[in-house]
Amino acid sequence: MATVLERNQAQEPKMSAAISARQVESQKVSAVMVATTPSATQLHRTAGIATARNLKKSYGNIIALNSVDLHVRAGELLALLGPNGAGKTTLVRMLLGVARPDAGSVSVFGADPYDGHMQARLGAMLQVGRVPETLKVREHLDLFSSYYPAPLPLAETLQIAGLADIKDRPYGELSGGQKQRVLFGIAICGNPDLLFLDEPTVGLDVEARRLMWAQIRTLISRGKTVLLTTHYLNEADALADRILVLNKGRIIAEGTPSEIKSRAMGKQIRCTSRLTMEEVQQIPGVLSVKADRNAFELQVNAAEPVVRELLQRDPWLADLEVTNAGLEEAFLALTQNHNAESKEN
Amino acid sequence: MAATTFPTALAVPRRSLQRSIAIYAKEAKYELLKNLRIPVYAISSVSFPLMFYVLFGVVLGGGNPAERAERATYTLATMGCFGVMAVSLFGFGVSLAIERGQGWLQVKRASPMPVSAYFAAKLFSAVVFSTVIMLLLLTVGTLFGGVHMPIATAARLIGILVAGSIPFCAMGLAIGYFAKPNSAPAVVNLIYLPMSFCSGLWIPLFLLPHGLQVLAKFLPPFHLSQLALNAVGLGENPTPAWEHVEALLAFTLICLGVAAWGYRRDEGKTYG
Ligand SMILES: Nc1ncnc2c1ncn2[C@@H]1O[C@H](COP(=O)(O)OP(=O)(O)OP(=O)(O)O)[C@@H](O)[C@H]1O
Ligand SMILES: [Mg+2]
């Protein structure tokens, strides 16, 4: 007789801690905003400041974006979540006006960013292969600040981005995490209203990632609007007001972090069985199967029908465990679901 | 649409002339600083022409003092041309290819930087390096090669060669839009070394085979070096100066056309 165990993964409590931290933070935020510019803030809260309609872009026969609609509201942090090659960077580049869509339209602060008239209100942290290495941190920031009409004082940029200690070091001598922070500094130094952060925490260790999150929250607390891209559901969850999930050039889900999580939260079934990998794969409702030592690990949306089938097909089934999928497994389930659907069509 | 209610209230004010000038100045300053701190660029772009000048213009070859002085003056014009060319092609072409191909230019374009400031800064850096090279060669030539020319002549020579960096900056621009970051230095070397040889910068044209002498008429370094040689009274052929200027102008326009094509081709992809 098999034992069915239901247990929460260790991640669960940590995750809710992150959420409550976020809620506390956002309460602080609204307090700050009301204290400073209440009327303007309320006005902008409801209005969209960046919109994309029916965007399409292909590179040769790769479809990078396929009918994407997006609406960034003033004062929010919108996370664009998706795996490698989903089209996140492509979308950001179009909103910045550094690339043109094949079809569809983009509007930022009511204008076409491609015309280059409102770049002074935008800041961007992009994935860069190489930054001029002989210029010092302070010099990079000095130059970029000069492009903007009302930049932050240098000391403030250095402080927000955590660069004060390394301001006199040449870029080429910095560590990966420090380089990331310089790019972040470049994005914020002009004191822009709308920030695009393309995978700001990629390659950072846990501590540096937390630090970057705190820096991003500082911006939101100053009333900035942020569009952030990420591979990680936990990052989107920790920071965002709203999440858009992008996969293969399409938006496949949209909602608050808790909505997305409840949509994505699948189950993971673990068992040892005499069935073959293929036989397990064929059971309806199984999203993916992995062989883990002598056991199988199945990702599913709902556990009960799959468990019933498993027991019916293999009377010798043993070591059965059902767990809530972790955040990242949940995200995978969400995108793989979408992949399976698009294959059927 | 909600967003359309925004722009009038929150439109970004136009940049004042003063602020534009400040941006151009800062961009130029940091471009120069950036290049000065790259040892391979700063040292090789100055030391190579200087080394070759000392070798071919001052040390090698015999003759009486008058002949030696003439050779030193002749080489001043041709090696000066060579130095200006190298600085322009590397400073413009290679650095553009790298910054464009590695995404840095995209970061700049996503900012409110006026694109023209970016290119003006590169031109400025090439002009400064060209001037430094010419002053160095002139000093060495005067001290050790017996070069003797009135200040006005020296100023004209330097002026012509420094202005002559423009066609090569245009060529660098075109290369920068087509070459990949890793291959750009090789591409530049493959073009400018043979081109400078065939234009008579290394060995005076009249010592080269007839075929090469004909070919040289189609090469920009030939025209620039002829202008420079005319300025110091050593021009070897009777072509009037304006024909050389025209040839350089045409070359510049062709390069700019190619660059504009590359720029447009790029927009859809790695934009820059
Ligand atoms: N310049 C380009 N030339 C050709 N294909 C491109 C180009 N830029 C993007 N693509 C393709 O478009 C698709 C989307 O790319 P994009 O960079 O937007 O993905 P992404 O979501 O940012 O991925 P990542 O998380 O890896 O950064 C990919 O398949 C990519 O290969
Ligand atoms: Mg990307």
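How much area do chain B and chain A bury between them? I took this up before anything else, keeping in mind that the model is predicted.

**Entry: the interface**

I looked up the area and found that chain B and chain A bury about 3600 Å² between them, with 64% of it on carbon and sulfur atoms. I noted beside this that the size of an interface is often given as the accessible area lost when the parts come together. Turning to residues, I read that 35 residues of chain B are in contact with 41 residues of chain A.

I then went through the polar side of the interface, where 12 residue pairs are in polar contact across chain B and chain A, both residues of each pair being at pLDDT 80 or more. The count of salt bridges between chain B and chain A is two. One of them joins E139(A) to R37(B), and I wrote down 2.8 Å as the distance between the closest N and O atoms.

Which elements of chain B give two or more residues to the side that touches chain A? I listed α1 (7-10), α2 (17-36), α4 and α5 (104-110) of chain B. The largest share of that side comes from α2(B), which gives seven residues.

**Entry: chain A**

I next looked at chain A as a whole and noted 12 helices and 14 strands.

K248(A) has a phi near 50°, a positive value in a residue other than glycine, and its place is in the loop between β9 (242-247) and β10 (250-255) of chain A. D319(A) likewise has a positive phi, near 55°, and is not a glycine, but D319(A) is found in strand β14 (residues 318-324) of chain A.

Is K248(A) buried or exposed? I noted it as exposed, because its relative accessibility is 52% and the cut-off for exposed is over 50%. D319(A) counts as exposed too, because its relative accessible area is 54%.

I went back to helix α2 of chain B, where E31(B) is found. E31(B) is buried, because its relative accessible area is 6% and buried means under 20%. Leaving out residues up to four places away in sequence, I found E31(B) touching S95(B), A121(B), K122(B) and S125(B).

In helix α3 of chain B I looked up S44(B), which counts as partly exposed at 25% relative accessibility. With residues up to four places away in sequence again left out, S44(B) touches P39(B) and P49(B). I also checked S44(B) against W104(B), and the two are 60 residues apart in sequence and 24 Å apart in space, C-alpha to C-alpha.

**Entry: a surface patch**

Which residues form a nonpolar patch on the surface of chain B? I wrote down V54(B), L55(B), F56(B), V59(B) and L60(B), which together have about 380 Å² of accessible area. Of these I followed up L60(B), whose place is in the loop between α3 (39-59) and α4 (65-101) of chain B. L60(B) is partly exposed, with a relative accessible area of 42%.

Conventions. Residues are numbered from 1 along each chain as its sequence is written. Chains are lettered from A and ligands numbered from 1 in the order in which they are written. This is a predicted model: local features need pLDDT of at least 70, side-chain atom pairs count only at pLDDT 80 or more; totals for chains, interfaces and linings use all residues. Side-chain values use heavy atoms; hydrogens and water are left out. Patches are made of residues with over 30% relative accessible area and no salt bridge: like charges are joined within 9 Å, nonpolar side chains (Val, Leu, Ile, Met, Phe, Trp, Tyr) within 5 Å. Accessible areas come from the Shrake-Rupley method with a 1.4 Å probe; for residues, only the protein chains shown count as cover. A salt bridge is a side-chain nitrogen of Lys or Arg within 4 Å of a carboxyl oxygen of Asp or Glu. Helices (H or I, at least four residues) and strands (E, at least two) are DSSP runs, numbered from the N terminus. Buried means under 20% relative accessible area, exposed over 50%, partly exposed in between (1.4 Å probe, protein chains only). Contact means heavy atoms within 4.5 Å. Buried area is the accessible area (1.4 Å probe) that two parts lose on being put together, summed over both. A polar contact is a pair of N or O atoms within 3.5 Å; within protein, one must be able to donate a hydrogen and the other to accept it, and residues adjacent in sequence count only if both atoms are side-chain atoms.
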